Amino acid sequence: MNISLSRDPKFSRIDNLFILLAEGETAPAFPFETALNKKIAAAIARSGFTGRQDEGLTLLLEGEPRKLTLIGVGKPDSFNRRTARAAIHGIARIAQRNADASIAVYSPRLLPGDDPEETALFMLDRLAHSDYRYMTFKTGEEARRIEVHCTLIPAGDLDAKTGKRILDKAKVIADSVRVARDLGNAPGNEITPARLADRAREVAKEAGLTCTVHDRKQIEKLGMGGLLAVNRGSAEEPRFIVLEWAPRKAKKTVCFVGKGITFDSGGISIKPAEKMEEMKFDMSGAGTVIAIMRAVAMLELPVRVIGLIPSTENLPGGKAYKPGDIIRTMSGKTVEIVNTDAEGRMILCDALHYAIRYAPDHLIDFATLTGACVVALGFEASGLFSNDDELAQLLINASESAGEPVWRLPEWDDYKEYIRSDWADMKNVGGRWGGAVTAALFLKQFVECPSWAHLDIAGTAYTESENARDPRGATGTGVRMALRFLETLA
Ligand code: BES
Ligand code: ZN
Ligand code: ZN
């Protein structure tokens with residue numbers, strides 16, 4: 001959706017005016033001119049609309065706007081980011097179905113804990129994404145969708161200058177999240193490690209980032225034994241992508257690492273066929289990091305930010321790494337492979353080790369790392385693991401205001417026994433129990449930064465089917481949270 005912001009849009013150009021209403025809030029004072037206020041209040045009173053969550057009712061008005069659609073958001077005090085997202089998702093569906101090319105959205109409530117600025121930013125960014133669909137490979141009738149233009153009428157006081165700044169920022173964030181979603185949704189034959197690197201280069205050029213791409217020879221020279229081991233079963237070359245934003249006035253350095261498995265078959269420890277196609281999303285962490293880097297540069301955040309992406313496919317080939325193999329990683333630490341499907345940690349360990357050279361204040365990785373994390377938290381929250389309570393709290397705060405929930409799980413050394421190996425420094429899996437924790441603990445063995453966080457986004461990076469808030473496919477999770485976090489450092 002195209003987005004704009006106005007306290008008083010020209011209703012002659014609006015096909016449908018959407019108003020978000022809570023229960024019992026059926027006749028609030030609207031900020032429109034008096035005649036329109038009266039007309040809306042009368043229409044609502046006649047309609048029997050109650051404001052229940054998921055209620056949607058389109059009314060015809062005399063004059064302009066011609067259509068008024070009421071969207072229920074439930075109990076007044078339960079209006080939050082989640083219900084707002086559901087309402088916005090509903091709005092986009094109605095607008096598409098009715099071919100409303102130009103809509104206005106008025107949401108009279110502020111989000112809990114947010115001022116008018118933050119509320120408008122959230123609403124604008126989410127509206128921009130509300131009719132997102134990955135259409136690159138659709139050629140027929142379905143591909144022809146109408147372009148909807150949406151004007152947000154903000155809640156609370158927002159002067160024109162602030163409004164313009166918020167709108168510009170929302171566009172940068174929304175466009176960056178779109179980069180992550182497009183990358184995630186792209187099939188594995190389209191986004192190979194080399195093509196992922198090409199996209200990173202393009203984004204870097206557009207946004208003004210430095211981009212260095214290491215090919216196999218250079219990865220060998222660096223000694224990234226984990227990345228090379230996973231790559232051995234694949235006919236596609238690996239890549240190690242480095243993106244850099246280094247403003248002169250920066251006082252802090254943050255390194256992001258993103259898992260870039262462009263397809264995960266499991267390798268020799270092959271996955272079942274059912275849902276294996278979902279493993280094209282296994283580079284979602286990489287997509288998130290590329291999107292973060294784009295936004296950081298375009299918003300010119302005064303923090304030095306590095307994005308590191310190890311990328312390969314994980315396939316079973318004649319040369320593939322095998323259970324029982326012992327791999328020497330870049331750090332010098334050795335790993336006994338017990339399951340080749342635990343490949344994410346094998347490529348991340350080298351990238352986490354590589355990060356030392358930047359002496360980061362904070363080191364944060366995003367990875368669709370374990371099915372166990374999805375067992376623990378389902379699809380509603382990412383797993384957060386950290387060796388630094390302060391960083392963990394900053395990320396929890398950022399995730400709340402971004403509307404991208406995370407939940408903290410332990411990375412305690414108490415679990416170390418689970419990954420003990422008789423033959424090498426550690427095993428690459430910890431057995432059946434606590435799989436998300438042992439994966440995090442494995443990564444921790446390669447972290448030399450006192451302030452590290454790992455986000456397991458296996459359950460949040462994509463939806464298996466459309467839900468009340470999102471269409472099927474990649475969500476771009478983590479981008480908004482990371483940007484909020486970086487702003488608190490600036
Ligand atoms: N990419 C998967 C994790 C995953 C599972 C992501 C489901 C998204 C949805 C990862 O590489 C993997 O296969 N992990 C194994 C680890 C196990 C072998 C210890 C898993 O979770 O089963
Ligand atoms: Zn795997
Ligand atoms: Zn994987």
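Me: Where does ligand 1 sit?
Reply: Ligand 1 sits in the largest pocket. Keep in mind that this is a predicted model.

Me: Okay, and which residues come nearest to ligand 1?
Reply: There are 16 residues around ligand 1, and the ones that come nearest are Asp264, Lys271, Asp341, Glu343 and Gly371.

Me: How many of the residues in that shell are nonpolar, polar or charged?
Reply: The shell around ligand 1 has seven charged residues, five nonpolar ones and four polar ones.

Me: You mentioned Glu343. How far is an N or O atom in the side chain of Glu343 from an oxygen atom of ligand 1?
Reply: That distance is 2.8 Å. The side chain of Lys259 also has an N or O atom 3.2 Å from an oxygen atom of ligand 1.

Me: What about the backbone, which residue has a polar backbone atom 3.5 Å from a nitrogen atom of ligand 1?
Reply: That would be Leu369.

Me: And how much of the accessible area of ligand 1 does the protein cover?
Reply: On its own, ligand 1 has 510 Å² of accessible area, and the protein covers 79% of that.

Me: Let's switch to the whole chain. How is the chain divided?
Reply: Into domain 1, which runs over 2-158, and domain 2, which runs over 177-489.

Me: How many residues does the contact take from each domain?
Reply: Domain 1 gives 16 residues to the contact, while domain 2 gives 22 residues.

Me: Last one, how far apart are the C-alpha centres of domain 1 and domain 2?
Reply: Those two centres lie 36 Å apart.

Methods. Residues are numbered from 1 along each chain as its sequence is written. Chains are lettered from A and ligands numbered from 1 in the order in which they are written. This is a predicted model: local features need pLDDT of at least 70, side-chain atom pairs count only at pLDDT 80 or more; totals for chains, interfaces and linings use all residues. Side-chain values use heavy atoms; hydrogens and water are left out. A residue is near a molecule or strand if one of its heavy atoms lies within 4 Å of it. A polar contact is a pair of N or O atoms within 3.5 Å; within protein, one must be able to donate a hydrogen and the other to accept it, and residues adjacent in sequence count only if both atoms are side-chain atoms. Accessible areas come from the Shrake-Rupley method with a 1.4 Å probe; for residues, only the protein chains shown count as cover. On a 1 Å grid over the protein atoms alone, a cavity is a set of points where a 1.4 Å probe fits but cannot get out, and a pocket is an open set with protein on both sides within 12 Å along at least five of seven lines; lining residues have an atom within 4 Å of a point. A molecule sits in a cavity or pocket if more than half of its atoms lie within 2 Å of its grid points. Ala, Val, Leu, Ile, Met, Phe, Trp, Tyr, Cys and Pro count as nonpolar, Asp, Glu, Lys and Arg as charged, and the others, Gly among them, as polar. Domain bounds come from an automatic or database domain assignment. Contact means heavy atoms within 4.5 Å.
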